[in-house]
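Q: Could you take me through a structure feature by feature, giving the general idea before the case at hand?

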Amino acid sequence: MSALVTILDDEPAIREMLSEALTEAGFRTLTFARATEFEAALRRTTPDVCLVDLGLPDRDGLSLVHRLALEQGATVIIISGRAQVQDRVTGLELGADDYIIKPFDPAEVVARVRARLRGPKQAATSNTARFNGWTAHFNRYALEDETGAETPFSHAEGEVLRLFLESPKRLITRAQMQESLGGAAGESFDRAMDVRISRLRTKLREDPKNPRLIKTIYGAGYIFLGDVAWI
């Protein structure tokens, strides 16, 4: 079955344009004008990608993005007329996977959706990895420690963690991260990566001054130093 993309935007013309472009590209779509309608639909179905406008009439779009990314592990692409760098950074920091500024070419949105669905290559198609006393459950977006206690992570954080776990003890440059994870290169992407890595370090209880697992190689990128086993 083709991937399902939900479109949440209060402008009918944009909903129609996006739905038409995505349908022609082979996706299934559901469109919503209000956050309440969208959230009700989420109780009945699970979309593969959520396109979310920030300027909604009944809900703050940013808080919805944060809940979708963190609590439901959804892939979220913001579509907004807010073009300031800080707006993009805030959206990405809250867990969005990508940020597209209005006005846009619908072909670009289709390409971004495809990029998010491709994601990084999966190691042995597994959704569970063990490393240094931790177990990462990518099917439910949770980190489990040796006592069985779990800490949730967002879809965006999970993409970065998976990229590290699939290439342990190898340098991963910023350019490689941008190519693997998608999104436009630049200040907002770099800032989003810094935030996601910082949050992962916190969840892995790393010493921020001397992290043991995710090492920063200044001017080059990052290296994950853990011993990884996919199960």
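This is a predicted model: local features need pLDDT of at least 70, side-chain atom pairs count only at pLDDT 80 or more; totals for chains, interfaces and linings use all residues.

Q: How does the radius of gyration of the protein agree with that of a compact globule?
A: The general idea is to compare with a rule based on chain length: for 231 residues a compact globule would have a radius of gyration near 17 Å, and the protein, with 18 Å, agrees with this. Its C-alpha trace spans about 50 × 35 × 30 Å along the principal axes.

Q: What share of the contacts with a separation of 6 or more joins residues 24 or more positions apart?
A: Such pairs account for 60% of those contacts, while buried residues make up 50% of the 231 residues.

Q: Which residues touch the most other members in the largest nonpolar core?
A: In soluble globular proteins, nonpolar side chains tend to be buried together. Here the largest nonpolar core holds 24 residues, and Phe 131, Leu 161, Met 177 and Ile 214 touch the most other members. Among the elements giving two or more residues to this core are strand S6 (128-131), helix H7 (174-181) and helix H6 (155-166), and H6 supplies the largest share, five residues.

Q: Which residues is Ile 214 in contact with, leaving aside its neighbours within four places in sequence?
A: The contacts of Ile 214 include Phe 164, Ile 197, Leu 200, Tyr 222 and Phe 224, and also Arg 201 and Glu 206. A second, separate core of 19 residues includes Ala 35, Phe 38, Ala 96 and Tyr 99.

Key. Residues are numbered from 1 along each chain as its sequence is written. Side-chain values use heavy atoms; hydrogens and water are left out. The radius of gyration is taken over C-alpha atoms; the globule rule is 2.2 Å times the number of residues to the power 0.38. Buried means under 20% relative accessible area, exposed over 50%, partly exposed in between (1.4 Å probe, protein chains only). Contact means heavy atoms within 4.5 Å. A nonpolar core is a set of buried Ala, Val, Leu, Ile, Met, Phe, Trp, Tyr and Cys residues joined through side-chain atoms within 4.5 Å. Helices (H or I, at least four residues) and strands (E, at least two) are DSSP runs, numbered from the N terminus.
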